[in-house]
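Visitor: Hi, I am new to this one and would like a walk through it. Could you put it up?

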Amino acid sequence: MLTELSAFRQDALREIGNIGLGGAVTALSDLTGICFTLEVPEVMELTTTQLHLICPSEECLSVGTVARIEGDWSGEAAFLFPWHSAEVLWQALIGAAPAELSDLNELHESVIREVANIMLGSFLNAISQMTGFELHMEPPAFAADMAAALMSSLMVEALYGQRELLAIETRFCMPEQQFEGFFFFLPDTGNLYRLFDALGI
Amino acid sequence: MPLRVLDVLLAGMGEIKVAHGEGVLGCIGLGSCVGVVLYDAATGKGALAHVMLPEPPLGESDEMPGKYATTAVPALLKELGTPAHALSRLKAMLIGGAELFQNRQHALQIGTRNVEQLHRLLEAHRIPIIFEDTGGHHGRSFELDLATGQLTLRVVGQAPVVHNLAMAMMILAKAS
């Protein structure tokens, strides 16, 4: 898939990711009062080999949210955070993080879901402004589990829906707090080209 | 307990691994995927597939038979080389098939459907399932030591659990 995209279109996708996620990370910074930095997004084939980006071990505990995007442009968008990064969000937003997985409750879940909601909302907003597309999303679904299990479940769904296994992926971080978050966008088949058409490229 | 022994044959997504006698077979981080092991006590051979989906989408070629339940089971049988009349002496173990993300409006239930499809296929070949840990909402990793019949199951946030399957893996072999 990736090889079929011209370098120009890959650049365009990277730029879309940059603008969309720039808004998302600003929203996250406003929400938490913490200044996050965004790395230049990469356009890549989604594989489990990217797991080493998220955490050193495939079995390390991570937190993930995924939401379906519908409208003029459709696909799935996911945010993954290693557990220690989720702790930073919990600390910033409700003052305390669960000590371990078994202490995770509905409040903790809804905090992460809300973070994803706000970030995705501003990501979609940016895409809408660029393209004129009307977009809406489902409330994000939540899971806390082994990084490999979260990642593989997302990949399998993409494979099942015959989505492009192509992800706009990025890392946003806060160096002094060791915060890292990862964003993946998996467009439905054909939707990448609809995007290129809308942008006239 | 060591999380990863040096010589564990780990099947990545869609892969098939085969061990003979002494080997250890395993999968890391099964979510909706299912690790399915078939073991032939008569030959000491075991084969593992890391199944991702119940069946291939239309038009998909079989470049990785381990990806789909409907192509993985025949591929495992081929690897084991068990004669067709003796398939009932095989033992099956199923691990995985969870739905990690809950409360989704368009839940695809891939984990559940993977498990159902594998049940159907194993039943059609009259292969008994001697161990199953599937479903639920949590990911799993496992390692099966073919020499000892010890199956170690790992779930995030919990101590590993060791199941001793030596009896279940051997008993039926004596009967066949």
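Visitor: How do α1(A) and α3(A) cross?

Guide: In this predicted model, the axes of helix α1 (residues 7-32) of chain A and of α3(A) come within 9 Å and cross at roughly 50°. Axes here are lines fitted to C-alpha atoms, for helices over the stretch in contact, with angles running from 0 to 180 degrees between N-to-C directions. Helices (H or I, at least four residues) and strands (E, at least two) are DSSP runs, numbered from the N terminus.

Visitor: What does that make α1(A) relative to α3(A)?

Guide: That angle makes α1(A) oblique to α3(A), because angles under 35 degrees count as roughly parallel, over 145 as roughly antiparallel, 65 to 115 as roughly perpendicular and the rest as oblique.

Visitor: Which residues make the contact?

Guide: Leu28(A), Leu31(A) and Thr32(A) come from α1(A), while Leu89(A), Ala92(A) and Leu93(A) come from α3(A), with contact meaning heavy atoms within 4.5 Å.

Visitor: And how do α3(A) and α4(A) pack?

Guide: Helix α3 (residues 83-94) of chain A packs with helix α4 (residues 106-131) of chain A at an angle of about 95°, their axes being 10 Å apart, which means that α3(A) is roughly perpendicular to α4(A). Among the residues in that contact are Trp90(A) of α3(A) and His108(A) of α4(A).

Visitor: Changing topic, how many residues does each chain bring to the contact of the chains?

Guide: Chain B brings 32 residues and chain A brings 29 residues. About 2600 Å² is buried between chain B and chain A, and carbon and sulfur atoms give 63% of that area; buried area is the accessible area (1.4 Å probe) that two parts lose on being put together, summed over both. Phe101(B), Arg104(B) and Val156(B) supply 28% of what chain B buries against chain A, more than any other three residues.

Visitor: Which side chains meet in a salt bridge?

Guide: Those of Glu59(A) and Arg154(B) do, at 2.9 Å, N to O, and the count between chain B and chain A is one salt bridge, defined as a side-chain nitrogen of Lys or Arg within 4 Å of a carboxyl oxygen of Asp or Glu.

Visitor: What should I know about the numbering and the rules?

Guide: Residues are numbered from 1 along each chain as its sequence is written, and chains are lettered from A in the order in which they are written. Local features need pLDDT of at least 70, side-chain atom pairs count only at pLDDT 80 or more, totals for chains, interfaces and linings use all residues, and side-chain values use heavy atoms, with hydrogens and water left out.
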